[in-house]
Amino acid sequence: MPETTHFPRYLILGGAMISGVLLALAVHMLGARYGLDLGGLWRSDTHEFMPAGAAIAWWLIATVGFSGGYFTANLMHSAVSGQIPPRMRYFLVVLGVLILAGAGQAAAAPSAISTVSAVLAGLAALCLGAVMAFCGAYFALRAG
């Protein structure tokens with residue numbers, strides 16, 4: 001029976017955080033394309049307390065960041081011990097590349113919101129995705 005190889009926990013944590021942040025930013029870019037942008041928080045032309053699109057975007061980015069970090073940490077831990085078949089690994093890599101390519105295409109299109117608002121929304125999505133990806137990866141490593 002071959003020995004089980006283990007990655008250092010910090011390597012799995014770092015990889016899972018990067019994956020969670022990239023997925024959260026991809027969801028932010030795709031959501032902004034469909035009107036779910038955090039930039040609605042800084043608009044002064046609406047008379048609502050907080051636009052519903054901004055609230056939905058906030059929760060969507062947080063959920064994707066957390067679950068991306070959690071599932072990536074679990075997958076990295078399982079892949080090292082040889083529990084994931086190679087075809088499944090290839091499928092997950094292709095799926096991640098397609099999601100990030102779609103987000104890049106959405107980000108390249110002209111935006112309807114101002115530049116300052118878009119930069120602030122991007123930084124907020126980056127910070128939120130990083131915190132939630134760290135929490136998801138930490139909980140996955142703690143449970144595993």
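**Entry 1: His 28**

I started with His 28, which counts as buried at 10% relative accessibility. Buried here means under 20% relative accessible area, exposed means over 50%, and partly exposed is in between, with a 1.4 Å probe and protein chains only. His 28 sits in helix α1. Leaving aside neighbours within four places in sequence, I found His 28 in contact with Ile 61, Ala 121, Gly 122 and Ala 125. Contact means heavy atoms within 4.5 Å.

**Entry 2: ground rules**

I am working from a predicted model, where local features need pLDDT of at least 70, side-chain atom pairs count only at pLDDT 80 or more, and totals for chains, interfaces and linings use all residues. Residues are numbered from 1 along each chain as its sequence is written, and side-chain values use heavy atoms, with hydrogens and water left out.

**Entry 3: the whole chain**

I counted elements next and got 4 helices and 0 strands in the protein chain. The order from the N terminus is α-α-α-α. Helices (H or I, at least four residues) and strands (E, at least two) are DSSP runs, numbered from the N terminus.

How much of the chain is buried? Of the 144 residues in the protein chain, 30% are buried. I looked up the surface too: the protein chain exposes about 9,300 Å², and carbon and sulfur atoms supply 71% of that. These areas come from the Shrake-Rupley method with a 1.4 Å probe; for residues, only the protein chains shown count as cover. For contacts between residues at least 6 apart in sequence, 83% join residues at least 24 apart.

I checked α2 (residues 52-80) for length: it has 29 residues and reaches 42 Å from its first C-alpha to its last, close to the 42 Å expected at 1.5 Å a residue. The expected span is 1.5 Å times one less than the number of residues. Just after α2, Gly 82 takes a positive phi of about 80 degrees.

For α4 I got 29 residues and a reach of 42 Å between its end C-alphas, close to the expected 42 Å. The buried residues of α4 include Ser 117, Ala 121, Gly 129, Ala 133 and Gly 136. What covers the buried residues of α4 includes α1 and α2.

Leu 123 is also in α4, but it counts as partly exposed at 46% relative accessibility. Leu 123 and Leu 25 are 98 residues apart in sequence and 9.6 Å apart in space, C-alpha to C-alpha.

**Entry 4: the cores**

Which residues touch the most other members of the largest nonpolar core? In that core of 13 residues, they are Val 21, Leu 25, Val 27, Leu 38, Ile 61, Ala 125 and Leu 128. A nonpolar core is a set of buried Ala, Val, Leu, Ile, Met, Phe, Trp, Tyr and Cys residues joined through side-chain atoms within 4.5 Å. At least two residues of this core come from each of α1 (9-33), α2 and α4 (115-143).

**Entry 5: Thr 72**

Buried or exposed? I looked up Thr 72, in helix α2, and Thr 72 counts as buried at 16% relative accessibility. The side chains of Thr 72 and Ser 19 are joined by a polar contact of 3.1 Å. A polar contact is a pair of N or O atoms within 3.5 Å; within protein, one must be able to donate a hydrogen and the other to accept it, and residues adjacent in sequence count only if both atoms are side-chain atoms. Not counting residues up to four places away in sequence, Thr 72 touches Gly 15, Ala 16 and Ser 19.

**Entry 6: the rings**

My search of the whole structure gave 5 aromatic pairs. The ring centres of Phe 66 and Tyr 70 are 6.4 Å apart and the planes are at 10 degrees, so this pair is stacked. Rings of Phe, Tyr and Trp (its six-membered ring) pair if their centres lie within 6.5 Å; planes under 30 degrees apart count as stacked, over 60 as edge-to-face and the rest as tilted.

Phe 66 and Tyr 70 both lie in α2, 4 residues apart, about one turn of the helix. Phe 66 is partly exposed at 27%, and Tyr 70 is partly exposed, at 27% relative accessibility. Tyr 70 and Phe 71 have ring centres 5.5 Å apart and planes at 80 degrees, so that pair is edge-to-face. Phe 71 is exposed, with a relative accessible area of 51%.

I also noted that ring pairs link Phe 66, Tyr 70, Phe 71, Phe 134, Tyr 138 and Phe 139 into a cluster.
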